[in-house]
Amino acid sequence: MRHIISVLIENEAGALSRVAGLFSARGYNIESLTVAPTEDPTLSRMTLVTTGDEAVIEQIVKQLNKLIDVVKLVDLSEGAHIERELMMIKVRADQAMRSELKRLADIFRANIIDVTDLSYTIEMTGDGPKLDAFIRVLDPELIIETVRSGPLGIARGARRLAI
């Protein structure tokens, strides 16, 4: 089963390396990893996506909690949460395709953020299946480059990750 684990971690050199090392040493896979400072400059929030049965996820959580840099963590998959991913996709956009690409961007609530003589760069946010659907409707010959952030998540309601 897929899990999104959100971790508050000390914003110090080597903290990310220790988390990645924990996963690689035990043979666990990180499908996606996003890290950025929080409103408190001494802390970063790490969002990682991994898969495993309940025993594996329990072991990952226990091992993460043992790391000195980890302040607090929550498995967002255990409750109601909101999940979003960012994608930028560069596509071939000759004059004949421009109106169709603009129409598709509008349908998917995406933004065209860069225009050149030969291409559009389209920015889109949403859950993974929405981004996948956008890629599927495009002719593969049009796609020049795709960049995705991986999911970010936040708990719904009063539940939160804070110290």
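Biologist: Where does Arg109 lie?
Modeller: Arg109 is in the loop between α3 (98–107) and β6 (111–115). Helices (H or I, at least four residues) and strands (E, at least two) are DSSP runs, numbered from the N terminus. This is a predicted model, so to speak of local features takes pLDDT of at least 70 and side-chain atom pairs count only at pLDDT 80 or more, while totals for chains, interfaces and linings use all residues. Residues are numbered from 1 along each chain as its sequence is written, and side-chain values use heavy atoms, with hydrogens and water left out.

Biologist: Is Arg109 buried or exposed?
Modeller: Exposed, because its relative accessible area is 73%. The cut-offs are under 20% for buried, over 50% for exposed and partly exposed in between (1.4 Å probe, protein chains only).

Biologist: And what's phi of Arg109?
Modeller: Near 55°, a positive value in a residue other than glycine. Most residues other than glycine have a negative phi.

Biologist: OK, other loop. Where's Asp69?
Modeller: Asp69 is in the loop between α2 (54–66) and β4 (70–75).

Biologist: Why does Asp69 count as buried?
Modeller: Because its relative accessibility is 5%.

Biologist: Which side chain joins that of Asp69 in a polar contact?
Modeller: Arg18, at 2.4 Å. A polar contact here is a pair of N or O atoms within 3.5 Å; within protein, one must be able to donate a hydrogen and the other to accept it, and residues adjacent in sequence count only if both atoms are side-chain atoms.

Biologist: Which other residues is Asp69 in contact with?
Modeller: Leaving aside neighbours within four places in sequence, Asp69 also touches Leu8, Ile9, Glu10, Glu12 and Ala15. Contact means heavy atoms within 4.5 Å.

Biologist: Switching to the whole protein: how many helices and strands?
Modeller: 4 helices and 9 strands. From the N terminus on, the order is β-α-β-β-α-β-β-α-β-β-α-β-β. Of the 163 residues, 38% count as buried.

Biologist: What lines the largest cavity?
Modeller: Arg45, Val74, Leu76, Ala155, Arg159, Arg160 and Leu161, lining residues being those with an atom within 4 Å of a point. They divide into 4 nonpolar, no polar and 3 charged. Ala, Val, Leu, Ile, Met, Phe, Trp, Tyr, Cys and Pro count as nonpolar, Asp, Glu, Lys and Arg as charged, and the others, Gly among them, as polar.

Technical notes:
1 Å grid on protein atoms, 1.4 Å probe; cavity = no way out; pocket = protein on both sides within 12 Å on 5 of 7 lines; lining within 4 Å.
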